[in-house]
Amino acid sequence: MVEMRVAGIGLDAASRSPIVLLRDPSGRRQVPIWIDQAQAQNILAGLSDEPPSRPLSHDLMVSLLEAGGLQLDRVIIHTIEASTFRAVLKLSPTPAAGEAETGDAKAAASLELDARPSDAIALALRTGSSIWMLEEVVADASIPVDAEADAADQDNFRRFLDSTSPADLVRHLRQAQSEADQAESEPPEAGPDAPNPDAPTR
């Protein structure tokens, strides 16, 4: 497996959809995952050094894990199925203060939960957990790194957020959902599909 880091959020030039960019340790390969605006804002909040004035959804999830005596060990993005990434959360009981837990005991008590990559990434950023991706997934979905293009995409997305009111964002999400529902009800057409959330670039 390859440990990945969040390089930032970009904006697809054609669809205007946000993309979260995961980069490998060498800095030469990155994997783009299409997400929606709400998911992008949750990831950006996790990247920010300033805590929100009120807990967001993923902040609440972290608090619930802590209240339940669980910790997020790592996130694994393990598969692409039907052009969609699949991820799991690796959870384990939080050790009591002063208690040393062996690796075998931790493995026996660990939990694995299916999750969308966007949610898994948002949680990993808030807990300082590592993000891993299977090498075959990286090899299949990665693109060469273009640092200048990445910076431009991130600037464009931040300007898009700055110029969009919450009401506009809700209307945009409803329109995108309506178009997606309409597309599902219509017979497929020849040609490439439009990018879906959590789908890799092709």
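User: What are the ground rules on pLDDT and numbering?
Analyst: Residues are numbered from 1 along each chain as its sequence is written, and side-chain values use heavy atoms, with hydrogens and water left out. The model is predicted, so local features need pLDDT of at least 70 and side-chain atom pairs count only at pLDDT 80 or more, while totals for chains, interfaces and linings use all residues.

User: How many helices and strands?
Analyst: The chain has seven helices and eight strands, taken as DSSP runs numbered from the N terminus (helices H or I, at least four residues; strands E, at least two).

User: How much of the chain is buried?
Analyst: Of its 202 residues, 35% count as buried, meaning under 20% relative accessible area with a 1.4 Å probe, protein chains only.

User: Which residues touch the most others in the largest nonpolar core?
Analyst: Leu22 and Ile77, out of 33 residues. Such a core is a set of buried Ala, Val, Leu, Ile, Met, Phe, Trp, Tyr and Cys residues joined through side-chain atoms within 4.5 Å.

User: What does Leu22 touch?
Analyst: Leaving aside residues up to four places away in sequence, its contacts (heavy atoms within 4.5 Å) include Met4, Ile77, Ile121 and Ile131.

User: Switching to strand 7, which strands does it pair with?
Analyst: Strand 1 (residues 2–11) pairs with strand 7 (residues 130–133) in the antiparallel sense over three bridges; pairing requires at least two DSSP bridges. Strand 4 (residues 70–81) pairs with strand 7 in the parallel sense over four bridges.

User: Which residue in strand 7 is opposite Met4?
Analyst: Ile131. Trp132 is the bridge partner of Ile76.

Technical notes
Buried < 20%, exposed > 50% of the residue type's maximum accessible area, 1.4 Å probe, protein only.
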